[in-house]
Amino acid sequence: MKGHILILVENLSVPFDRRVWQEGCALVGAGYQVTVICPQGITQDTERETTIDGVRILRYRLRAAEGGPSGYLREYSVALWHTARLAIRLRREGRIDVVHACNPPDLFFIIAVMLRVVGGTRSVFDQHDLVPELFQSRFSTGGKVLYRLTRILERLTYMCADAVISTNESYRRVAIERGKMPPDRVSVVRSAPDLSRFVQRQPDPDLRRGKQYLGAYLGVMGPQDGVDYALRAIAHLHNAIGRTDTHFIFMGGGDAFNDMVALSVDLGISDIVEFPGRVPDEFVERCLSTADICLSPDPKNPLNDVSTMNKVVEYMAMARPLVSFELVEARVSAGAAAAYVPANDEAAFAAAINELLDDPDRRIEMGGYGRDRVERELSWDTSREHLLDFYAGVFARLGRDRRPIL
């Protein structure tokens with residue numbers, strides 16, 4: 001084995017967390033020993049300990065946050081305790097060369113410091129989200145205090161990291177400018193679909209529920225993810241524009257899921273909007289293979305504007321056109337595969353859906369462009385190479401000089 005890498009993730013269970021799972025498998029395939037510590041899932045990923053495809057996974061029970069900032073404090077405290085407990089157990093079993101900490105939250109630097117003190121473990125920060133902007137976007141009241149606190153935690157995380165993985169160039173710029181990281185220690189590894197597993201299937205007309213067209217959404221449903229914007233746009237499409245020939249499926253779960261189902265009822269569109277929850281890959285592939293148009297309704301805010309949305313690249317991988325609000329990183333990823341509308345303008349979003357549904361040639365052209373771009377630049381094959389190059393550099397520096405921790 002080239003070395004032992006411990007991956008810490010709190011946001012999702014593994015292998016359900018597609019990015020973390022792809023990273024773990026890529027590293028195992030390259031000859032590294034990989035262990036993941038993560039929460040248990042609710043209906044899947046429920047075993048406390050298992051090994052899948054060479055990746056050892058240790059899980060703990062965790063209840064997701066409810067009720068605002070205090071709920072996150074409880075969730076993150078419990079997660080930190082269990083992660084530390086399992087990391088100590090693992091360290092007693094043998095050497096850990098690198099701790100690979102995924103956020104949110106920006107608290108795993110505590111475990112990185114602990115492992116460095118007892119065993120010289122190096123630290124990699126895999127920045128999935130800008131946590132200060134995440135809380136700023138989620139909580140309009142009290143946001144200043146949370147923003148300052150999370151900026152401090154983010155700064156400590158950067159200070160403890162030997163190297164940083166960013167999901168896009170915007171995040172890399174934050175790591176260098178705000179995090180004061182040396183540019184040669186910050187690498188971009190994009191979240192990307194594995195084209196060998198994310199494949200187009202035969203369309204399933206039954207998913208249209210008797211309508212002529214199908215619109216699809218795939219992703220998390222949290223307060224900042226814009227599903228409410230999409231639902232209001234669909235209501236406008238139905239009631240103001242008068243389009244009644246389209247069914248919509250919203251795949252995914254999250255802490256706003258029940259609210260979104262209720263909103264569809266309040267808007268009077270529950271008969272044309274379907275919420276199957278989290279679904280297996282086979283259903284995702286079948287649904288996206290059937291969809292005529294896909295939705296990326298993330299509203300413009302300090303987080304979304306600079307974040308790469310997994311669903312955008314997944315829509316492109318399935319050769320599907322999409323509608324998006326005008327966001328910096330959405331345009332970087334999608335290019336001509338998306339129709340862009342002014343930020344947070346639901347009526348314009350509805351109009352863009354309507355125009356695309358009326359233009360099959362444009363939909364085919366956009367879908368083809370997106371698929372080609374993924375094959376050339378944005379698939380996991382490309383990201384895997386960047387990840388392995390990054391880790392070759394990390395292990396090359398093991399035993400050599402390093403920046404102070406604090």
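1. Contact, as used throughout this note, means heavy atoms within 4.5 Å. The structure is a predicted model, in which local features need pLDDT of at least 70 and side-chain atom pairs count only at pLDDT 80 or more, while totals for chains, interfaces and linings use all residues. Residues are numbered from 1 along each chain as its sequence is written, and side-chain values use heavy atoms, with hydrogens and water left out.

2. Thr157 belongs to helix α5 (residues 143–160); helices (H or I, at least four residues) and strands (E, at least two) are DSSP runs, numbered from the N terminus. Not counting residues up to four places away in sequence, Thr157 touches Asp106, Phe109 and Phe125. Thr157 counts as buried because its relative accessibility is 7%; buried means under 20% relative accessible area, exposed over 50%, and partly exposed in between (1.4 Å probe, protein chains only). A polar atom of the Thr157 side chain lies 3.4 Å from the backbone oxygen of Asp106.

3. Strand β12 (residues 293–296) is covered on both faces: Ile293 and Leu295 are buried on one side, and Cys294 and Ser296 are buried on the other. Strands pair if DSSP finds at least two bridges between them. Strand β9 (residues 213–218) runs parallel to β12 and is joined to it by two bridges, with Ala216 opposite Cys294. Three bridges join β12 to strand β13 (residues 322–325), again in parallel, and Leu295 stands opposite Val323 there. From β12 the chain passes through helix α10 (residues 310–317) to β13 in a right-handed β-α-β crossover; that is, with the strands pointing away from the viewer, the path from the first strand over the helix to the second runs clockwise.

4. Ile5 is located in strand β1 (residues 4–8) and counts as buried because its relative accessibility is 0%. Leaving aside neighbours within four places in sequence, the contacts of Ile5 include Leu27, Val34, Val98, Tyr391 and Phe395. Ile5 and Ala65, 60 residues apart in sequence, are 28 Å apart in space, C-alpha to C-alpha.

5. A nonpolar core is a set of buried Ala, Val, Leu, Ile, Met, Phe, Trp, Tyr and Cys residues joined through side-chain atoms within 4.5 Å. The largest has 63 residues, and those with the most contacts inside it are Leu231, Phe250, Met251, Val273 and Leu288. A second, separate core of 28 residues includes Val55, Ile165, Val189 and Leu387.

Note on methods
A polar contact is a pair of N or O atoms within 3.5 Å; within protein, one must be able to donate a hydrogen and the other to accept it, and residues adjacent in sequence count only if both atoms are side-chain atoms.
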